[in-house]
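I opened my notebook beside the model and looked up a few places in turn. Here are my entries, in the order I made them.

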Amino acid sequence: MKNNSLLASAWREYSYVFVFIVIFLVYASSSSGLTLNATMNILRHSAVIGVIAIGMGMVCITAEIDLSVGSMLAMVSGLSVIVFNATDSITLTLLFSVLFACFCGLINGVLVGIVKMPSFIVTLATMLIFRSFAQYICQHIDKALAGGGSSVYRMITKHDMFQSMFTFGNSKFITLPIVGIVLVVFTLAFVYLLESTKYGKKVYAVGSSYKGAFMAGINVRLIKTSVFVITGGLVGVASFLWIAMNASSDPATTGSGYEMYAIAAVVLGGISMAGGKGRCLGILFGALSYTVIDKIIIALKMDSLINDAVKGIILIIVILIQVAGPQLKERFSIMKAKASS
């Protein structure tokens, strides 16, 4: 009985770890000749979406949503390529990427947190705006700044700092991809921020009860605005990682669907879409799980056209478990109480 209780407690606390292990075992069994290099690539391929998902997780904890992150990634990464081509500076490119993305997040934050517009509508609108700007600028800017491409932002490979930046995006420390290490570091930093600081407790309080947080003296507007700004900053980091890894950015396809992938990583990581529940560490495992699901589909040689359908079905199942699980538990508790009486 005690062992069952411990197992149930472990499941409640770390369900996202068990989910990842199950998904990874399915991948290992479906993939012929799984190697250490292939396993480490999971971390590499999760880096961009994982960093974005951390921000999405914070937004979801406050019971909001940000649909603009994919388009923001396209615009910020594209403009960051221009900054790199114009300056040949990794530092300035990183600063621009993060600060400009924070500004984009501030737009969302002010409209949602201060003006009190619905986050779904606001970020749906900015999703369209950011993607449109990314494509328009690419078509009308000086081609030399865009790296010579007519419809794609390309980093100038002849610049002195190009090789250093590209190496950063594609090299490994021992066997760990550098970009994967960046993801882990950011995850740990935000685990501390959300679970061990007053700010983190306020974020959870706002998501648990808007009115209760307000009555407790929390500046709800500021908290909601700040999570969108932080999410923007994380998209800026992801944009920098993207161009370091790929040396280019296509305004039409970069980040396409990433808002849904980030939400899926958040949900797989155990964050409640209703707000106020979930752990940041789960987002890392959620992102890794989603990447592994992608690899399972490839390993099984399924038609690529059905890829998103499979992911969508998995997302619905996970949310269904989140919603139905507590209801079933409550029903069983009531039945048990009636039986004992």
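**Entry 1: a loop between two helices**

I began with Asp88, which I found in the loop between H3 and H4. Helices here are DSSP runs of H or I with at least four residues, strands are runs of E with at least two, and both are numbered from the N terminus. Before going on, I noted that this is a predicted model, in which local features need pLDDT of at least 70 and side-chain atom pairs count only at pLDDT 80 or more, while totals for chains, interfaces and linings use all residues. Residues are numbered from 1 along each chain as its sequence is written, and side-chain values use heavy atoms, with hydrogens and water left out.

Phi of Asp88 is near 55°, a positive value in a residue other than glycine. Is Asp88 buried or exposed? Asp88 is buried, because its relative accessible area is 19% (buried means under 20%, exposed over 50%, partly exposed in between, with a 1.4 Å probe and protein chains only).

Ser89 sits in the loop between helix H3 (69–87) and helix H4 (90–114). Ser89 has 17% relative accessibility, so I wrote it down as buried. A polar atom of the Ser89 side chain lies 3.1 Å from the backbone nitrogen of Leu92.

**Entry 2: another positive phi**

Ala247 belongs to the loop between H10 and strand S4 (248–249). Its phi is near 60°, a positive value in a residue other than glycine. Ala247 counts as buried because its relative accessibility is 12%.

**Entry 3: salt bridges**

How many salt bridges does a search of the whole structure find? I got two (a side-chain nitrogen of Lys or Arg within 4 Å of a carboxyl oxygen of Asp or Glu).

Lys224 pairs with Glu64, and their closest N and O atoms are 2.4 Å apart. Lys224 lies in helix H10 and Glu64 in the loop between H2 and H3, so this pair ties together parts that are 160 residues apart in sequence. Both Lys224 and Glu64 are buried.

Glu195 and Arg279 meet in a salt bridge at 3.5 Å, N to O. Glu195 is in helix H7 and Arg279 in the loop between H11 and H12, 84 residues apart. Glu195 is partly exposed, because its relative accessibility is 30%; Arg279, at 25%, is also partly exposed.

**Entry 4: helix H7**

I checked the length of helix H7 (residues 178–196) next. At 1.5 Å a residue its 19 residues should span 27 Å, and its end C-alpha atoms are 27 Å apart, which agrees. The expected span is 1.5 Å times one less than the number of residues.

Among the buried residues of H7 are Val179, Leu183, Phe190 and Leu194. What covers the buried residues of H7 includes helix H2 (36–61), helix H10 (220–246) and helix H12 (280–299).

**Entry 5: two domains**

The chain is divided into domain 1 (35–301) and domain 2 (306–340), with bounds from an automatic or database domain assignment. Their contact takes 12 residues from domain 1 and nine residues from domain 2 (contact means heavy atoms within 4.5 Å).

About 920 Å² is buried between the two domains, and carbon and sulfur atoms give 68% of it. Buried area is the accessible area (1.4 Å probe) that two parts lose on being put together, summed over both. Val267, Tyr290 and Ile297 supply 44% of the area that domain 1 buries against domain 2, more than any other three residues. I also looked for salt bridges across this interface, and the rule finds zero.

Terms used. Polar contact = N/O pair within 3.5 Å; in protein donor to acceptor, adjacent residues only side chain to side chain.
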